[in-house]
Amino acid sequence: MARSKETAVGVDIGGTGVKAALVDVRAGTLLSDRVKVPTPAGGEPDAIRDAVVELVGRLEIGPDTPIGVTFPAIVRHGRTMSAANVSKAWIGLAAERLFEEALGRDIHFVNDADAAGFAEDHYGAAKDASGLVIMTTLGTGIGGALIYNGVLIPNAELGHLELDGHDAETRASNRARESEGLSWEAWAERLQRYYSHLEFIFSPDLFVVGGGVSKSADKFLPLLQLATPIVPAKLRNNAGIIGAAALARGV
């Protein structure tokens, strides 16, 4: 059983759902069942705040248990500087303070892809890696995280790199694959262009690919020709929760 100093709560806010759990940050595993509610329609700040308070209230935690919260936005000094699939009212909002006042304690507030990347680096597919790890999530868009020797470099908006005159995520995300009806081979050609570009710019030591489509990694990753090893993520939908908790505990 994990001791209290090895536990923290992770809350993962997404465009469709908000989920939370108590985490053993030593092992990178959940200590409770995940609790989840749909993201409130419209994604307004007060409604999402109330959903987070409700979920945390369902978990049996002490007053000193650290809480980490992820959000699908650029996060700078506790403010959300963008908004993906939520209300534009988040842009420029002092979001960390919003949650802290509602929860009655300090929290660690972080971009969702950064939290997932941190978790994969510490507990998942990149656990034994050194140097620069780049985590990308292929979903509605493309999320990204940079971790160098275990240290998170925040707010790497890797889906918004310009590629052939377009935001990369409009061409290479899983949504692009689905909406255009691309075969795995046709999509892999776009991914090849994208990851070759990342490889040239950053010279990483490892790529980790997350997002729901990573369950089908055997259908597209072997089609890529890169100098950098590229592997599927391991923590799946728990990565954001685990990463948020670990960052809150100061792992």
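Which strand and helices each supply at least two residues of the lining of the second largest pocket? In this predicted model, the answer is strand E8 (108-111), H3 and H7. Two of those elements, H3 and H7, also pack against each other, with axes that come within 7 Å. Below is a quick tour of that pocket, the helix pair, and a handful of individual residues.

**The second largest pocket**

- The volume of the second largest pocket comes out at about 230 Å³.
- Its lining is made up of 18 residues, and those nearest the centre are His108, Phe109, Val110, Leu152 and Pro154.
- E8 is the top contributor to this lining, giving four residues.
- Sorted by class, the lining has ten nonpolar, six polar and two charged residues.

**Helices H3 and H7**

- H3 covers residues 112-123 and H7 covers residues 239-249, and their axes cross at roughly 80°.
- That makes H3 and H7 roughly perpendicular to each other, because angles of 65 to 115 degrees fall in that class.
- On the H3 side, the contact is made by Ala115, Ala116, Phe118, Ala119, Glu120 and Tyr123.
- On the H7 side, the residues involved are Ala239, Gly240, Ile242, Gly243, Ala244, Ala246 and Leu247.
- By class, this contact has ten nonpolar, two polar and one charged residues.
- H7 is largely enclosed by the rest of the structure, since nine of its eleven residues are buried.
- The buried residues of H7 are Ala239, Gly240, Ile241, Ile242, Gly243, Ala244, Ala245, Ala246 and Leu247.

- As background, most residues other than glycine have a negative phi.
- You'll find Asn155 in the loop between strand E11 (151-153) and strand E12 (162-163).
- Asn155 is partly exposed, because its relative accessibility is 22% and buried would need a value under 20%.
- Ser203 is another non-glycine residue with a positive phi, in this case about 50°.
- Ser203 sits in the loop between helix H6 (184-202) and strand E14 (206-210).
- With a relative accessibility of 55%, Ser203 counts as exposed, the cut-off being over 50%.

- Thr16 belongs to the loop that links strand E1 (7-13) and strand E2 (17-24).
- Thr16 is exposed, at a relative accessible area of 71%.
- Setting aside neighbours within four places in sequence, Thr16 has contacts with Pro38 and Thr39.
- Thr16 and Asn85 lie 69 residues apart in sequence, yet their C-alpha atoms are 8.2 Å apart in space.
- Ser214 is also a loop residue, placed between E14 and strand E15 (230-232).
- Ser214 has a relative accessible area of 4%, so it is buried.
- Leaving out residues up to four places away in sequence, Ser214 touches Val209, Pro232 and Arg236.
- From Ser214 to Arg34 there are 180 residues along the chain, and 21 Å between the C-alpha atoms.

- Gly57 is part of helix H1, which runs over residues 45-58.
- Gly57 is exposed, with 62% relative accessibility.
- Gly57 and Leu103 are separated by 46 residues in sequence and by 9.2 Å in space, C-alpha to C-alpha.
- Thr137 is in strand E9, which spans residues 132-138.
- Thr137 has a relative accessible area of 21% and is partly exposed, because the cut-off for buried is under 20%.
- Beyond residues up to four places away in sequence, Thr137 touches Ile142, Gly143, Gly210 and Gly211.
- Thr137 and Ala248 are 111 residues apart along the chain, with their C-alpha atoms 22 Å from each other.

Technical notes
Residues are numbered from 1 along each chain as its sequence is written. This is a predicted model: local features need pLDDT of at least 70, side-chain atom pairs count only at pLDDT 80 or more; totals for chains, interfaces and linings use all residues. Side-chain values use heavy atoms; hydrogens and water are left out. Axes are lines fitted to C-alpha atoms, for helices over the stretch in contact, and angles run from 0 to 180 degrees between N-to-C directions. Angles under 35 degrees count as roughly parallel, over 145 as roughly antiparallel, 65 to 115 as roughly perpendicular and the rest as oblique. Contact means heavy atoms within 4.5 Å. Ala, Val, Leu, Ile, Met, Phe, Trp, Tyr, Cys and Pro count as nonpolar, Asp, Glu, Lys and Arg as charged, and the others, Gly among them, as polar. On a 1 Å grid over the protein atoms alone, a cavity is a set of points where a 1.4 Å probe fits but cannot get out, and a pocket is an open set with protein on both sides within 12 Å along at least five of seven lines; lining residues have an atom within 4 Å of a point. Grid points are joined across faces, edges and corners, and a volume is the space filled by probe spheres set on the points. Buried means under 20% relative accessible area, exposed over 50%, partly exposed in between (1.4 Å probe, protein chains only).
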